[in-house]
Amino acid sequence: MADAASGHIQLNAQQAAWISVIDATGKKLQYGTLEAGSSKELTGTPPFQLKIGNAAQVQLSFNGQPVALTDKIRGTTAKIELK
């Protein structure tokens with residue numbers, strides 16, 4: 001049974017990307033490089049704070065819904081909060 005207070009993040013990297021994901025409890029769910037062609041599934045307590053380097057090469061989904069990063073990217077880095 002899924003906990004209603006948890007959120008699920010799926011990350012897919014087309015190229016190597018540096019990714020930090022911290023949940024509401026301050027737990028680091030991901031902190032480091034996601035290699036090209038790899039993916040990662042994370043579960044934690046929303047809201048999540050994400051920082052993604054080389055963000056144009058990363059596909060992100062939150063609770064099964066795709067999240068557009070295009071308007072969040074400054075230079076090559078995206079900062080986003082998922083609630």
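Is F48 buried or exposed? In this predicted model, whose local features need pLDDT of at least 70 and whose side-chain atom pairs count only at pLDDT 80 or more, while totals for chains, interfaces and linings use all residues, F48 is buried, with a relative accessible area of 0%; buried means under 20% relative accessible area, exposed over 50%, and partly exposed in between, with a 1.4 Å probe and protein chains only. Residues are numbered from 1 along each chain as its sequence is written, and side-chain values use heavy atoms, with hydrogens and water left out.

Searching the whole structure gives two aromatic pairs, where rings of Phe, Tyr and Trp (its six-membered ring) pair if their centres lie within 6.5 Å, and where planes under 30 degrees apart count as stacked, over 60 as edge-to-face and the rest as tilted. W18 and Y31 form an edge-to-face pair, because their ring centres are 5.3 Å apart and their planes stand at 75°. This pair links distant parts of the chain, since W18 belongs to strand β2 (residues 17-22) and Y31 to strand β3 (residues 28-34), 13 residues apart; strands (E, at least two residues) are DSSP runs, numbered from the N terminus. W18 is partly exposed at a relative accessible area of 36%, whereas Y31, at 53%, is exposed.

F48 and F62 are also edge-to-face, with 5.9 Å from centre to centre and 80° between the planes. Here F48 lies in strand β5 (residues 48-53) and F62 in strand β6 (residues 58-62), 14 residues apart, and F62, with a relative accessibility of 11%, counts as buried.

Strands of a sheet pair through backbone hydrogen bonds, either parallel or antiparallel. Strands β2 and β3 run antiparallel and are joined by six bridges, two strands being paired if DSSP finds at least two bridges between them; I19 has G32 in β3 as its bridge partner. Five residues lie between the strands of this hairpin, in which G26 takes a positive phi near 90°. β2 also pairs with β5 in the antiparallel sense, over four bridges, and S20 has K51 in β5 as its bridge partner.

Another set of four strands forms an open sheet in the order β4-β1-β6-β7, with antiparallel pairing. Its edge strands, β4 (39-44) and β7 (65-67), each pair on one side only. Within this sheet, six bridges join strand β1 (residues 7-13) to the antiparallel β4, and I9 stands opposite L42 in β4.
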